[in-house]
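Dear colleague,

Here is the structure I promised to pass on. My notes follow below it.

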Amino acid sequence: MKPFEHPDKFEHRHIGPSADELNQMAIECGAKSVDDLIDQTVPKNIRLQKPLNIGDPLSEYEYLKKLKQLASKNKIYKTYIGMGYYPTILPSVIKRNILENPGWYTQYTPYQAEIAQGRLEALLNFQTVVSDLTALPIANASLLDEGTAAAEAMIMFHNLRKKEKLNSHKFFISEELFPQTIDVIKTRAKLLGIELVIGNHKAIELNNDYFALIVQYPADNGEVYDYSELFKKADQFGIYKIVAADILSLTLLTPPGEFGADCAVGSTQRFGVPMGYGGPHAAYMATRDEFKRNIPGRIIGVSIDAQGNRALRMALQTREQHIKRERATSNICTAQVLLAVMAGMYAVYHGPERLKQIAVRINNLTKFLSQSLKQLGYSQINQNYFDTITLKTDENLQKKIQSEAIKKEINLRYNKDFSVGISLSEVTTFEDVLELVEVFAKVVNKPFEVKSIDESEYNSFNSFPSSLKRKSSYLTHPVFNSFHSETEMMRYIKRLENKDLSLVHSIIPLGSCTMKLNAATEMLGITLPEFAELHPFIPQDQALGYKELFDELEKDLAEITGFEAVSLQPNSGAQGEYSGLSVIRAYLEDIGQGHRNVTLIPSSAHGTNPASAVMAGMKVVVVNCDDKGNIDVEDLKKKAEANKDNLAALMVTYPSTHGVFEESIKEICEIIHQYGGQVYMDGANLNAQVGLTSPAAIGADVCHINLHKTFCIPHGGGGPGMGPIAVAKHLVPFLPGHSVVNINKEKSIHSVSSAPWGSAGILIISYAYIKMMGSVGLTNATKAAIVNANYIKAKLEKIYPALYSGQNGRVGHELIFDMRSFKNSAHIEVEDIAKRMMDYGYHAPTVSFPVPGTLMVEPTESESKSELDRFCEMMMNIREEIREVEEGKADPNNNVLKNSPHTLQTLISDNWNYPYSREKAAYPLKWTRQNKFWPSVARIDNAYGDRNLVCSCVPVSEYAEENLTK
């Protein structure tokens, strides 16, 4: 160390094992050193010839100083732009105990439901909020954003066309839908052969050519329309009706389900989730009961556990794309769980009455603003309104208004037709409204005085037709009427958190998921007001800190991938896949090869690959893998030759989903190029590449980057995520553009997300990670991830065969253990092993993917040697428990594995009817006594939950034995 250098380096905080431990572990793997092990793992012909050029690392202290400098370049003006994004008040009890709490944000998607009951209940609350407010019985557990939700609804109904409507391909869009939503729909529709008709909903002549329509409620300009007549006409032709609805307005307005909607979509951002310059936010989708098996995304349902107790789980999972693959009707792989939890908790904290009062107050302020501006002589375009008014102005008047508003640091909406929009929000005060009126008064040089205000007047007159006033009740369940003091709310949140296993407890070794450290310093930026409180459509000179961050992040990601340019817009990995394929299709069309529509996909690929290809209008041809798990090059050649006239792309994961660096990857890419196709590399396993090789080095043309894996954005229990795409030079002109903010390239495809930079608010996390690791640190992290995986292999492969390995017997950053033999030897299924791990305080690795009956383990670089040793000790002990069954010492149907997990309730019961001790059940190893994690329910009956589907908080009568307030 240099004499004046600070000894504390972030790299040492992020990487679990020390340098000495890593070398020791490499030697235990049979290598001479870490570098020797890496040389044996990563093929020489794809290794980078020079180190990354990211720069020297910043210390955590230095980074936080830089972050403050960036934040100071962002300007927080009072923003009244609306368009689906609104300033909101995030209750501190939710901010502190959920958003800033690693016990919540480091959880994974709740596939292991027995140790995820807390977030499952929080998501059930969210679904209930959505279902109640929309008056539609089935809601999913969130989608990526409002634009995506609208596009998914369109696709769902296109797939649901009845036999007599199979030739109906027209989709009507009200011209008063938010423009960013229209743009996302355009992207999706084009590649699926759906014809969009955008126009005036009052004048449209519907006929049998239409399969569905969508309207905004309230409309883009704030008008509150009665769509009931339009919907009656639609019913005459069997046309499905979608309503994009403001969730808060539905506390006052007639809900879509009550005026004939088949589906409602929207955003829950204004339920306490910061704007974050565009995201992340939880979108919603609700629909009729008959479409419960068709709705995209995840649904949380009520079931029972082995003891007959109520338990929650993800319902109807056979709908999910990773199972349906090329038969998928959606490529939705993740949700926005952390944001849905926050939005649901906002409703729990405020309850139905206060939610309504918040909406009434906003509406009253809007009434006052509307009346005041009319007194000044302004003409209002929308007669009816909830929170938004639009004024008719000309070009000159609009410029004057904008000039005066900016002087007061106020952002309004300035439309292309020279009208001016104003949307009020929860944070708007009466003083703010007076300030707005003063701006408009000054423009027309008229005095304005506030006369005495009769508050009863504002409660007595409606700003929308009385026929559209909501009469039905909502949020009547006790959970929304019990936790309104901060003490009660804090305890409720903590009670749910305590039911869930997260990275605060132990390693989550999920293969293909990269559950690495989400460092506290990386997370600090997301709640800074200068980043959290910016509207995505403000003038860009008010977000220069964000611009600098984006520019640097794009440059660094381009360097890491070896590509020319990056789009930060896709807000999930699957969205990145779709975006990359859309860019390929746009490029092929541009060079006169638009007929190319065949994508080759290895049989080992993640299910999102074929699903994304289908969504991009591709035909999927599956390529076989050989006995070693590698792509069968001969089969690839054969299928590339057979489809040479129409070959568009190969989708390939590298290292493979089997955890292996395939030696033939360059040859594979060359074959595709030879036949006129492009190579799309799935970035799911980029954590094994950074600094050692790159997508460009293997010969790919485009890749997506899972920032929620390799670059430390937390998984949040199943979202948020980010999936930027990086592309070679010839694809740069086609990167996604945007309809509101001009980020368009020469030949940009339409946008893939509602916001121009996707979930911009969490890009800070990945930026922080890269800056604090630097070139050497990023490369060392990759090496450590590979060493950790090979160390686990060396420790366990004698008792659990490693299914695949590379040419030198090495694995990449993950590996697959084969558990199938135990089914024959002991009647033990892989699920039994996964559930037994809970008794040791561990989350199972990935179960039965990509190979049924296996466990895929990915330790990441962040786990220490001592934690890996504990994990291996658990696996060894479980092997001995299996051996007891094999040798007849334990009953094959009544043993610690079959009955796992064991709950505290079971353990302290007077009725212990198991042929093994309580100690063996709950404390199988000494160290489990020190930090015991108790599953809150026993093994869940999945089939019962699907047969008896309940997807919202059940009626009060069902809670006779459960007092929610204690």
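The charged end of Lys932 sits over the ring of Tyr923, 5.8 Å from the ring centre. A charge counts as sitting over a ring if NZ of Lys or CZ of Arg is within 6 Å of the ring centre and within 35 degrees of the ring normal. Arg270 does this with Tyr86, at 3.8 Å from the centre.

This is a predicted model, in which local features need pLDDT of at least 70 and side-chain atom pairs count only at pLDDT 80 or more, while totals for chains, interfaces and linings use all residues. Residues are numbered from 1 along each chain as its sequence is written, and side-chain values use heavy atoms, with hydrogens and water left out.

How many aromatic pairs does a search of the whole structure find? There are 32. Rings of Phe, Tyr and Trp (its six-membered ring) pair if their centres lie within 6.5 Å; planes under 30 degrees apart count as stacked, over 60 as edge-to-face and the rest as tilted. Tyr842 and Phe871 are edge-to-face, with 6.0 Å between centres and 75° between planes. Tyr842 lies in the loop between helix 27 (830-839) and strand 24 (846-847) and Phe871 in helix 28 (residues 865-886), so this pair ties together parts 29 residues apart in sequence. Helices (H or I, at least four residues) and strands (E, at least two) are DSSP runs, numbered from the N terminus.

Regards
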